[in-house]
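Welcome! Here is a short briefing to read alongside the sequence and the 3D view.

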Amino acid sequence: MNFDKIPYKIYLNENEIPTQWYNMRADMKNKPAPLLHPGTHEPLTAEQMYAFFCEELVHQELDDTTPYIDIPQEIRDFYKMYRPAPLVRAYCLEEKLKTPAKIYYKFEGNNTSGSHKLNSAIAQAYYAKKQGLKGVTTETGAGQWGTALSMACAYLGLDCKVYMVKCSYEQKPFRREVMRTYGANVTPSPSMDTEVGRRILEAHPGTTGSLGCAISEAVEVASKDPGYRYVLGSVLNQVLLHQSVIGLEAKAALDKYGIKPDIIIGCAGGGSNLGGLIAPFMGEKLRGEADYRIIAVEPASCPSFTRGVYAYDFCDTGMICPLAKMYTLGSGFIPSPSHAGGLRFHGMSTTLSQLYHDGLMEARAVEQTSVFEAAEQFARCEGILPAPESSHAIRAAIDEAVKCRETGEEKTILFGLTGTGYFDMYAYEAFNDGKMGDYIPTDDDIRAGLANVPQFPGNEFEF
């Protein structure tokens, strides 16, 4: 192994944990479109949002002018349990690929929740506790967010109610049990516990669920109890804000050695990991200080960016949440039960959707079997079993490194390794046994999902 002057792992010390979150929206010329009231189609006010979200989180959600927001000391102290996270040079993968490319990954799986989700979970739980609430409700796809929020709530003494997408509830029982170990109440979604759950089950008997379904149930429960608020692990502006610690740390580590990435790659479901990783780099791009090629990688089974439409749509299947302008497959789209449960959301962050619409980043969709091929190749080289979600980014990073081998270009690639796959062994078993397939939705499938996208002046779209 021929190591150059760059260490295998670049560590910051705990005094270099960011003291402020970075808000990309402050530097965006075209701001993300505001959330709309589903009845009036008027922008939601802060007062209307207080019914669902914690007050301080509402302020963060609506703030598109303040570039840096202080991280409370209590949250920074919690971060010290697992941050700074390492930036790793993938020397072994480079050698295996025989590529001149230099590959780096920011590893966010070195905490008990197993993913980057804890960065926002502790922030949202902190603000709920500070507001004097009894607890919070949420949804979770693959379970990383639910696990992280359960940890944060246990730490702060908050009640936690989690609606877990049914197929993940069944595929990932151990992650479910981690949540319960931390004291969370975990319910498979859709369920018979809520009005919207019962309605979805009546319309789609035997459905495996979706993040949109689970969101509807969690919001309904929070709206009926004044002691609870709803929190979300992705999509929202506030979540991308909290996750900016990923990119800020990655950039600080690269800057120590004068490294500038040419390509930055992240998996994309709702947008939390991707938005957090690219934040400071996109900031430089928006300000005209530097340029980067940024790639969002999504599952071909749920291709919001690459096959969706840019329009106002409901964030949830039950159509009780605000309308968000985003790339969407329609709130009625029920993805196939793929093993990358955290990417099975029909829409995308409004911030990332605007950046993509403005041509500031690109997107590609990849099939599930090719993702697991990349995951196993990475595991055998780098010694980490990656989560299925993260493996979408690995797939694209390997593809770009192979292109460098073919062209001889010495590009520097940075990707986000969002978490570990040790609770995803049923998925790896299916792949190793040759039982994993690739489901690609037809145009008719997507057209059916788009059928309930609300029609009103200014929200026209073509598919």
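What follows is a tour from the whole protein down to single residues.

This is a predicted model, in which local features need pLDDT of at least 70 and side-chain atom pairs count only at pLDDT 80 or more, while totals for chains, interfaces and linings use all residues. Residues are numbered from 1 along each chain as its sequence is written, and side-chain values use heavy atoms, with hydrogens and water left out.

**The whole protein**

- The protein has 18 helices and 15 strands; these are DSSP runs numbered from the N terminus, with helices (H or I) of at least four residues and strands (E) of at least two.
- Along the principal axes, the C-alpha atoms fill a box of roughly 60 × 50 × 45 Å.
- Of the 463 residues, 64% are buried (buried means under 20% relative accessible area, exposed over 50%, partly exposed in between, with a 1.4 Å probe and protein chains only).
- Among contacts (heavy atoms within 4.5 Å) between residues at least 6 apart in sequence, 77% join residues at least 24 apart.

- An open sheet of mixed pairing is formed by seven strands in the order β1-β4-β5-β15-β10-β11-β14; two strands pair if DSSP finds at least two bridges between them.
- At the edges are β1 (9–10) and β14 (362–366), each pairing on one side only.
- Helix α11 (residues 237–256) packs on this sheet, where it touches β1, β4, β5 and β15 (412–417), and its direction makes about 140° with that of β5. Angles run from 0 to 180 degrees between N-to-C directions, using axes fitted to C-alpha atoms, for helices over the stretch in contact.
- Strands β4 (residues 87–89) and β5 (residues 102–107) run antiparallel and are joined by three bridges; Leu87 has Lys106 in β5 as its bridge partner.
- Helix α12 (residues 272–287) lies across β5, β10 (263–267), β11 (293–299) and β15, at about 160° to β10.

- All six residues of β6 (residues 135–140) are buried.
- Gly135, Thr137 and Glu139 point one way from β6, while Val136, Thr138 and Thr140 point the other way.
- β6 pairs in the parallel sense with β7 (residues 159–165) over six bridges, and Thr137 stands opposite Lys161 in β7.
- β6 also pairs in the parallel sense with β9 (residues 228–230), over three bridges; here Val136 has Arg229 as its bridge partner.

**Residues to look up**

- His116 sits in the loop between β5 and α5 (118–130), and it counts as buried because its relative accessibility is 6%. Beyond its neighbours within four places in sequence, His116 is in contact with Glu108, Gln243, Ile246, Ser272, Asn273 and Thr418.
- A cis peptide bond runs from Arg83 to Pro84, with omega near 0°; Pro84 is in the loop between α3 (73–79) and β4.
- The bond from Ser189 to Pro190 is also cis, with omega near 5°, and Pro190 is in the loop between β8 (185–189) and α9 (195–203).
- His41 is not a glycine, yet has a positive phi of about 65°; its relative accessible area of 26% makes it partly exposed.
- Val235, in the loop between β9 and α11, has a positive phi near 70° and is buried at 7% relative accessible area.
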